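Subject: Structure handover

Hello,

Here is the structure for your files. My notes on the helix packing and the strand pairing follow it.

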Amino acid sequence: MALRIIFMGTPDFSVPTLTALAEAGHEIVAVYSQPPRPAGRRGLELVKSPVHQAAERLGIPVHTPVNFREDAEREAFRALKADVAVVVAYGLLLPEAILSGTRLGCYNGHASLLPRWRGAAPIQRAIMAGDAETGMMVMKMDKGLDTGPVALTARVVIGETMTAGELHDALMQEGGALMVEAMAKLEAGNLPLTPQAEEGVLYAAKIDKAETRIDFSKPAKDVHNHIRGLSPFPGAWFELPVAGKPERVKVLASALVDEGAVHPAGTVLDDALAIACGKGAVRLLRLQKAGGKPLDAADFLRGTPVAPGQVLA
């Protein structure tokens, strides 16, 4: 027998799980997603979320409430008479009325090894902290922030040069398969639930624009992790004088450089964008000027010369 599932998600990250559940034969009775948002150059066009678009391709009804404060929204959810709700990066905190609004509760696909990196930005925070691994977890939701008992785990190694974008893509594929396995076990009545450890709790706060600027005074390893943890979005950046004016340049990829000599932090060490840090150095491999397209370092330097000895802000 297939489960009657309400799926709740918004970004690209959620789509493989929705698709996998549908392909596994479950009945997706409704999809909940964030409302369409203004987009386009002038912000005049309302664009449906990736999950909303995927649901329409699958012929599934879509609901886009701003929140669940109204009794009518809560009752509409309960009236679907679903067995379970599956939540993947939905973007709203769910009240008790929704958490208990299905026969078997709500299960969340979360991109970390809980209790490490609860919260909004677990992928970026894991890389920025230099973690060697992370994973996907299926968790039964409760009223806390990612505090519920864990059902299943899939671990993923974080490579030394892996960016947040690459890890995002790896995890979203793991997430679909893991949730299908969890729903099969739930349907069979043998899905294990293990309380989270009380030790090792870390919160993955939403990335603030103020923390995206590169600080070359930090050790090279920290600078490298900062760059790849924010690539491709929102992007770590520094300022470079261009035509006498400071211009913001994003760094989308970097590598650690063996550099024995000590130089002032931010000093350009060679003609291939090796930059001195507080300890060691990083090489900037892929860059993007404001309004421009991403370029490999050699192509970037052809259009924007950066001389050895120059100090980057």
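**Helix packing**

Helix 1 passes helix 2 in a right-handed crossing (right-handed: the near helix is turned clockwise from the far one by less than a right angle; left-handed: anticlockwise). Helices here are DSSP runs of H or I with at least four residues, strands are runs of E with at least two, and both are numbered from the N terminus.

Before the details, the ground rules. This is a predicted model, with local features needing pLDDT of at least 70 and side-chain atom pairs counting only at pLDDT 80 or more, while totals for chains, interfaces and linings use all residues. Residues are numbered from 1 along each chain as its sequence is written, and side-chain values use heavy atoms, with hydrogens and water left out.

Back to the first pair. V15, L18 and A22 of helix 1 touch P50, V51, A54, A55 and L58 of helix 2 (contact: heavy atoms within 4.5 Å). By class, that contact has eight nonpolar, no polar and no charged residues (nonpolar: Ala, Val, Leu, Ile, Met, Phe, Trp, Tyr, Cys and Pro; charged: Asp, Glu, Lys and Arg; polar: the others, Gly among them).

Helix 1 also meets helix 6, residues 164–188. Their axes come within 8 Å and cross at roughly 35°. This crossing is right-handed. P16, T17, A20 and L21 in helix 1 meet M172, Q173, G175, G176, M179, V180 and M183 in helix 6. The class count is seven nonpolar, four polar and no charged residues.

**Strand pairing**

Strand 15 (residues 281–289) runs antiparallel to strand 13 (residues 245–257), with eight bridges between them (strands pair if DSSP finds at least two bridges). S254 stands opposite L284 in strand 15.

Strand 14 (residues 274–276) is joined to strand 15 by three bridges, again antiparallel. A276 has A281 as its bridge partner. These two strands form a hairpin with four residues between them, and G280 in the turn has a positive phi of about 80°.

Strand 16 (residues 295–296) is antiparallel to strand 15, with two bridges. R286 is partnered by D296. Five residues separate the strands of this hairpin, where G291 takes a positive phi near 80°.

Best regards

Note on methods: Axes fitted to C-alpha atoms, helices over the stretch in contact; angles between N-to-C directions.
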